Amino acid sequence: MEPRKENPLTDPVDPFAALRGGLFDTIVVGAGATGAVVAARLTEDAGHRVLLLEAGTDPAPGSATERAVRNSLQPPGVADISWKLRTHIKRATASNDATGTWTYEAGRIVGGSSSINTVQALRGAPEDYDDWARSCGEAWSWKSLLPLFRMIEDDDGGDERLHGRGGPVPIRREPPDELRPLQRGLLEACLARGFGATADHNDPATTGVGVIPKNEVDGIRMSGATTYLEAARRRPNLTLLTGVVTHRLLLDGRGHCIGVEVQAGGQASTLHAGRVVVCAGAVNTPALLMRSGIGPAHVLAAADVTPRVGLEGVGQGLMDHPAVGIYGVPQASACRRGEPIRQVLLRYSSAGAPMRNDMHIYMLAGLNVDDLFPGLGARVPTVAGLTAGYNKSTSRGSVSIVSPQASVAPRVELNCLGDEGDMAPLKEGVRLAWSLMQQPALRSRFAQLLAWTEAMVDSDVALERAIHSLVRPSAHLGSSARMGPAHDPMAVVDPQGRVHGVRGLWIADASVMPRIPSAPPHLSALVVAEKIAMELRRAA
Ligand SMILES: Cc1cc2nc3c(=O)[nH]c(=O)nc-3n(C[C@H](O)[C@H](O)[C@H](O)COP(=O)(O)OP(=O)(O)OC[C@H]3O[C@@H](n4cnc5c(N)ncnc54)[C@H](O)[C@@H]3O)c2cc1C
């Protein structure tokens with residue numbers, strides 16, 4: 001393969017000199033999971049010049065960071081490739097100011113969060129996308145999106161009517177003999193409890209317990225950097241700049257987006273293009289819009305930003321999947337630090353579920369103890385445990401800026417359990433996870449369980465209290481600049497991805513999902529980006 005192109009920011013005095021006045025057709029902000037798709041698809045047209053801007057790093061092939069990122073068994077745990085967003089788990093209320101904070105990992109590196117995630121390659125349920133279609137039109141229905149789910153993947157493990165071959169994202173399932181003891185224990189415990197087995201979690205008709213499809217090949221992560229960008233970045237019509245933070249979008253007097261204001265190595269500059277596509281992720285995309293004067297009037301006023309376009313939905317409606325874990329210290333023979341973090345998943349429907357498979361229970365194994373239980377690491381090599389995640393949460397959080405400066409992090413309120421309807425399925429899920437932990441196939445593989453007791457799980461009051469203090473997000477953020485028709489006052493982009501009220505500005509990342517699907521969102525985000533890239537090509 002040809003070597004990578006040189007980074008054009010070589011002049012230490014004026015790093016942007018070589019680019020100023022450069023004629024780009026499209027600027028894409030964010031070289032994460034979705035930015036990689038958009039940049040790769042647009043540059044398939046050799047006459048279309050794309051500038052792809054990434055705030056994070058581009059690890060050199062063979063470097064320690066690149067090796068950590070390539071390993072798909074566990075998230076890389078490298079400090080300077082994450083935004084490490086300080087988020088508030090709960091929203092403060094008059095009676096509760098103990099909101100608790102959580103350091104949210106979000107990739108700040110080529111490939112974005114797909115370079116640090118846990119590589120589950122799961123589709124949502126058909127009902128999730130049919131729900132999108134109700135507000136965004138038939139083009140977003142399951143029937144319309146299935147060809148895109150097939151197009152993006154290379155999955156030789158499933159029914160050909162449902163699965164694609166030869167697409168950019170390889171999807172693999174570990175064979176049964178590669179399951180680690182705790183994962184096999186979860187499988188056996190679920191079967192003993194009467195759940196059915198599934199061979200393909202991405203079959204829309206399926207439910208039950210089975211091996212997780214993953215975007216990895218032989219332990220190597222298949223991130224956006226590897227799948228879409230590796231070849232595209234060698235094209236002469238794609239310029240990738242890393243270590244460049246986009247501060248603001250430039251709007252002209254007619255409300256047309258004409259470029260971006262950027263900063264790298266202490267130098268600021270403006271870069272122009274015919275249009276801008278924002279793919280900065282569910283927190284940084286709304287923050288960038290707000291810094292540019294596009295957003296709710298009260299947030300802009302409080303942050304001292306001159307309003308340009310009033311769009312009340314920017315930063316509102318933030319979603320994640322709330323989850324609660326029951327952890328323990330595994331027997332030394334059952335689990336090793338650094339082994340695959342996930343292999344087996346149970347999907348089932350909670351009592352009174354709004355749709356099938358609203359619950360996930362999975363085993364997280366081989367974890368770094370100090371990430372979860374600071375101080376315990378001196379005594380035990382690793383921890384593992386079952387997590388119950390609720391995937392149809394009705395709680396909504398928000399992102400708001402507190403300053404016009406990109407260097408000041410936005411305020412992120414996840415508002416977990418903000419809607420009390422989330423409590424019942426989580427209680428049921430924790431009780432089921434606890435009972436699975438008591439099955440011989442799992443209990444015999446743990447030396448000790450941490451924090452939880454039978455009495456806590458049995459008592460409604462104690463269980464609710466424990467869930468309130470232990471609930472965590474799942475790193476499945478989305479819906480913070482959602483898609484919808486112009487008459488929806490909270491819609492930020494139209495069903496083609498164009499920002500309402502601004503010409504030449506598009507969003508094509510996880511922020512635009514009307515609601516996140518009832519599964520981890522990576523594959524769905526790729527489909528969103530593919531679909532909006534098609535619109536961009538049509539509009540070019
Ligand atoms: C720890 C973790 C585990 C996860 N596990 C899974 C999983 O197993 N399965 C799954 O389906 N999903 C998972 N996800 C979610 C999945 O990775 C995301 O849904 C997906 O990456 C979203 O794509 P995106 O393009 O919207 O954002 P990202 O992939 O995060 O990309 C955004 C990019 O924009 C860049 N950027 C941001 N602001 C600026 C700026 N101002 N200027 C320039 N660049 C900027 C960022 O550095 C980043 O590279 C996980 C996420 C995390 C963080």
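Leu-250 stands opposite Gly-259 in β12, within an antiparallel pairing of β11 and β12 (residues 257-264) that extends over six bridges. The model is predicted.

**Hairpins of β11, β12 and β13**

- The hairpin of β11 and β12 has five residues between its strands, and Gly-255 takes a positive phi near 75 degrees there.
- Strand β12 also pairs with β13 (residues 267-278), in the antiparallel sense and over six bridges.
- Within that pairing, Val-260 has Leu-271 of β13 as its bridge partner.
- Two residues lie between β12 and β13 in their hairpin, where Gly-265 in the turn has a positive phi of about 50 degrees.

**Ligand site**

- The ligand is surrounded by 36 residues, and the closest are Thr-34, Glu-54, Ser-113, Thr-118 and His-522.
- By class, this shell consists of 16 nonpolar, 15 polar and five charged residues.
- Helix α7 provides the largest share, with three residues.
- A backbone N or O atom of His-522 lies 2.7 Å from an oxygen atom of the ligand.
- An N or O atom in the side chain of Trp-83 is 3.0 Å from an oxygen atom of the ligand.
- A polar backbone atom of Ile-109 is 3.2 Å from an oxygen atom of the ligand.
- The ligand taken alone exposes 1,000 Å², of which the protein buries 95%.

**Five-stranded open sheet**

- Five strands form an open sheet in the order β4-β3-β22-β21-β16, and their pairing is mixed.
- Strands β4 (101-104) and β16 (316-318) stand at the edges with a single partner strand each, so one side of each is left without a neighbour in the sheet.
- On average, and with direction ignored, neighbouring strands of this sheet are turned by 35 degrees against each other.
- Strands β3 (residues 85-88) and β22 (residues 411-413) pair in the parallel sense over two bridges.
- In this region His-88 stands opposite Glu-413 in β22.
- Helix α7, which contributes three residues to the ligand shell, lies across β3, β16, β21 (397-400) and β22.
- The helix runs at about 45 degrees to β21.

**Six-stranded open sheet**

- Six strands form an open sheet with antiparallel pairing, in the order β7-β18-β19-β20-β17-β23.
- The edge strands are β7 (208-211) and β23 (446-449), each of which pairs on one side only.
- Neighbouring strands of this sheet are turned by 25 degrees against each other on average, direction ignored.
- The antiparallel pairing of β7 with β18 (residues 344-348) comprises four bridges, and Gly-208 stands opposite Arg-347 in β18.
- Helix α5 (residues 181-192) lies across β7, β17 (323-330), β18, β19 (359-367), β20 (383-390) and β23, and its direction is at about 155 degrees to β19.
- Helix α10 (residues 423-438) lies across β17, β18, β19, β20 and β23, running at about 150 degrees to β20.

Note on methods: Residues numbered from 1 in each chain as written. Predicted model: local features only at pLDDT ≥ 70, side-chain atom pairs only at ≥ 80, totals over all residues. Heavy atoms only, no water. Near = heavy atom within 4 Å. Polar contact = N/O pair within 3.5 Å; in protein donor to acceptor, adjacent residues only side chain to side chain. Areas by Shrake-Rupley, 256 points an atom, 1.4 Å probe, with all protein chains shown as cover. Nonpolar A, V, L, I, M, F, W, Y, C, P; charged D, E, K, R; others polar. Pairing = 2+ DSSP bridges. Axes fitted to C-alpha atoms, helices over the stretch in contact; angles between N-to-C directions. Contact = heavy atoms within 4.5 Å.
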